[in-house]
Amino acid sequence: MEPKNYTDLKKITKIGVFTSGGDAPGMNAAIRAVVRTAIYNDLEVTGIYRGYQGMIDGDFTAMNRRSVSSIIQKGGTILKSARCLDFRTKEGRQQAFDNIQKEGIDALVAIGGDGTFTGANVFSTEFNIPVMCIPGTIDNDLYGSDYTLGYDTANNTVIEAIDKIRDTASSHNRVFFVEVMGRDSGCIALNAGVGGGAEAILLPEVNTGIDGLVEEIEFAEERQKTSMIVIIAEGDKNGGVYQVSKQVKEKFPHLDVKVSILGHLQRGGAPSSFDRVLATRMGYTAVNELLKGNTRATVGLRGTAMITTPLEEALNTKEFKLDEELLEIANIMNK
Ligand code: ATP
């Protein structure tokens with residue numbers, strides 16, 4: 001399907017690229033791909049530091065092929081990231097526009113999550129500047145791409161942590177409650193839970209309640225399981241990891257119950273092979289789509305193909321991103 005936002009093809013000479021919102025592994029690989037694809041197409045590139053804040057402050061750097069050498073393997077973002085309240089105001093955005101005009105930037109590539117997409121959509125509409133977004137967030141909670149940048153790496157990080165926790169759990173016959181990131185999205189919990197062989201998984205999207213978990217534990221006990229790993233997404237609706245573990249301890253006083261919150265380590269680290277390649281494809285596609293006149297859209301992966309989706313549609317479509325079959329499989333594997 002042709003994106004709806006093709007505009008009159010404007011000659012683009014200089015692209016501004018920035019990262020915004022929470023950092024995610026693969027953002028650097030995406031910056032590198034944007035810079036190199038742009039230069040290949042005889043465009044100039046300006047790096048904008050700290051997302052929308054850097055736009056308002058005029059915090060820019062000229063980028064060339066060498067400025068993105070040796071960053072494909074690095075976590076975080078060399079352009080830094082920030083959350084910027086002023087960009088939510090008309091005055092802030094006007095200041096940002098004045099600065100990018102002065103710099104000669106005539107198109108933008110924004111890498112970030114849904115807040116970043118919202119800001120890009122508002123800004124592009126107000127000032128008629130072409131913009132293409134790249135979904136960068138470990139949560140995998142954006143419409144328009146099967147996978148967001150950083151999600152695969154975060155899953156690998158969580159699985160590695162589960163493996164290590166399991167060593168302790170099985171040595172001491174313990175039940176570990178492991179909290180993973182995902183305030184509204186259980187994607188990491190489900191995927192890493194299945195990949196790490198968790199005995200139970202609690203997700204924000206599926207409210208099994210404590211009773212379901214109690215049944216799982218009773219069943220595990222019947223099978224003489226001596227240790228267990230329960231994965232709980234941050235946004236679980238049963239009161240959070242401490243509350244859940246407390247309730248379980250009250251029901252099963254003989255169990256040695258421990259809590260582990262993985263926290264920000266899930267956001268860092270070298271991107272996986274999958275994320276590096278995805279980021280490179282997304283950066284390449286973002287620049288090429290801008291050159292074709294596509295604007296106010298996000299690039300994404302559907303199946304094996306690169307696609308674009310208008311930001312309006314991406315921001316307004318609610319998608320149940322959990323793989324229903326994987327949910328079913330997780331239940332069978334726990335039995
Ligand atoms: P993450 O998924 O990690 O939270 P995000 O991109 O959603 O990433 P946010 O902090 O929500 O992170 O958004 C990034 C920035 O986008 C905000 O700090 C703000 O500057 C800008 N932004 C968000 N919403 C709006 C809006 N309605 N209007 C203008 N700018 C916005």
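How many aromatic pairs does a search of the whole structure find? The search finds eight aromatic pairs, a pair being two rings of Phe, Tyr or Trp (its six-membered ring) with centres within 6.5 Å, classed as stacked if the planes are under 30 degrees apart, edge-to-face if over 60 and tilted for the rest. The model is predicted, so that local features need pLDDT of at least 70 and side-chain atom pairs count only at pLDDT 80 or more, while totals for chains, interfaces and linings use all residues. Residues are numbered from 1 along each chain as its sequence is written, and side-chain values use heavy atoms, with hydrogens and water left out.

Tyr-147 and Tyr-151 are stacked, with 25° between the planes and 6.1 Å centre to centre. Tyr-151 is buried at 2% relative accessibility, whereas Tyr-147 is partly exposed at 35% (buried, under 20% relative accessible area; exposed, over 50%; partly exposed, in between; 1.4 Å probe, protein chains only).

Tyr-147 also pairs edge-to-face with Phe-274, the planes lying at 75° and the centres 5.2 Å apart. This pair links distant parts of the chain, 127 residues apart: Tyr-147 belongs to the loop between strand 5 (131-135) and helix 5 (151-171), and Phe-274 to helix 9 (residues 273-292). Helices (H or I, at least four residues) and strands (E, at least two) are DSSP runs numbered from the N terminus. Phe-274 is partly exposed, at 34% relative accessibility.

One aromatic cluster is formed by Phe-18, Tyr-52, Phe-87, Phe-97, Phe-123 and Phe-127.
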